Amino acid sequence: MDIRLNSVLPGTTANLTSTSPSGNREDAPSFAETLQGVFNKINQMQLDSAELARQFAAGETDDLIRVVTAAEEASIALQLAVQVRNKVVEAYQEIMRMQV
């Protein structure tokens, strides 16, 4: 199964690849800025999904496929973010257990 980050969070790969070693590091976003951008994007996906669900419930739209697709994309993006957070916490804990 091939899941690409850019398919779940469009535009993410461009942010992550802009910090190549040969590129200008002063113009590249920091790790915190990249994370903040991704979390803002996930939040916007959740808000858009909720708005589409509200519109569907109110009868303002009848495009059920769009509503379900937006909800699934938002859910998968959130799950991905949680898994990345878990891995970062796990790596931090592993580093803290190292003896110097």
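Predicted model: local features only at pLDDT ≥ 70, side-chain atom pairs only at ≥ 80, totals over all residues.
Residues are numbered from 1 along each chain as its sequence is written, and side-chain values use heavy atoms, leaving out hydrogens and water.

**View 1. The chain has four helices and zero strands.** Helices (H or I, at least four residues) and strands (E, at least two) are DSSP runs, numbered from the N terminus. The pattern along the sequence is α-α-α-α. The chain has 100 residues, and 16% of them count as buried.

**View 2. Six residues make up the largest nonpolar core.** They are Val38, Ile42, Met45, Ala74, Ala77 and Ala81. Helices H3 and H4 each give two or more residues to this core. Such a core is a set of buried Ala, Val, Leu, Ile, Met, Phe, Trp, Tyr and Cys residues joined through side-chain atoms within 4.5 Å. In soluble globular proteins, nonpolar side chains tend to be buried together.

**View 3. Threonine 61 sits in the loop between helix H3 (31-57) and helix H4 (64-97).** Threonine 61 is buried because its relative accessible area is 18%. Threonine 61 touches Leu52, Gln55 and Phe56, leaving aside residues up to four places away in sequence. Touching here means a contact, with heavy atoms within 4.5 Å. A polar atom of the threonine 61 side chain lies 3.4 Å from the backbone nitrogen of aspartate 63.

**View 4. Glutamate 94 forms a salt bridge with arginine 97.** In a salt bridge, a side-chain nitrogen of Lys or Arg lies within 4 Å of a carboxyl oxygen of Asp or Glu. Here the closest N and O atoms are 2.9 Å apart. The two residues are three apart in helix H4, so about one helical turn separates them. Glutamate 94 is partly exposed at 46% relative accessibility, while arginine 97 is exposed at 56%.

**View 5. Salt bridges with shared partners join Glu51, Arg54 and Glu60 into one network.** Arginine 54 pairs with glutamate 51, with closest N and O atoms 2.8 Å apart. Glutamate 60 also bridges to arginine 54, at 3.4 Å between the closest N and O atoms. Arginine 54 is partly exposed at 39% relative accessibility. Glutamate 60 is exposed at 52%.

Terms used:
Buried < 20%, exposed > 50% of the residue type's maximum accessible area, 1.4 Å probe, protein only. Polar contact = N/O pair within 3.5 Å; in protein donor to acceptor, adjacent residues only side chain to side chain.
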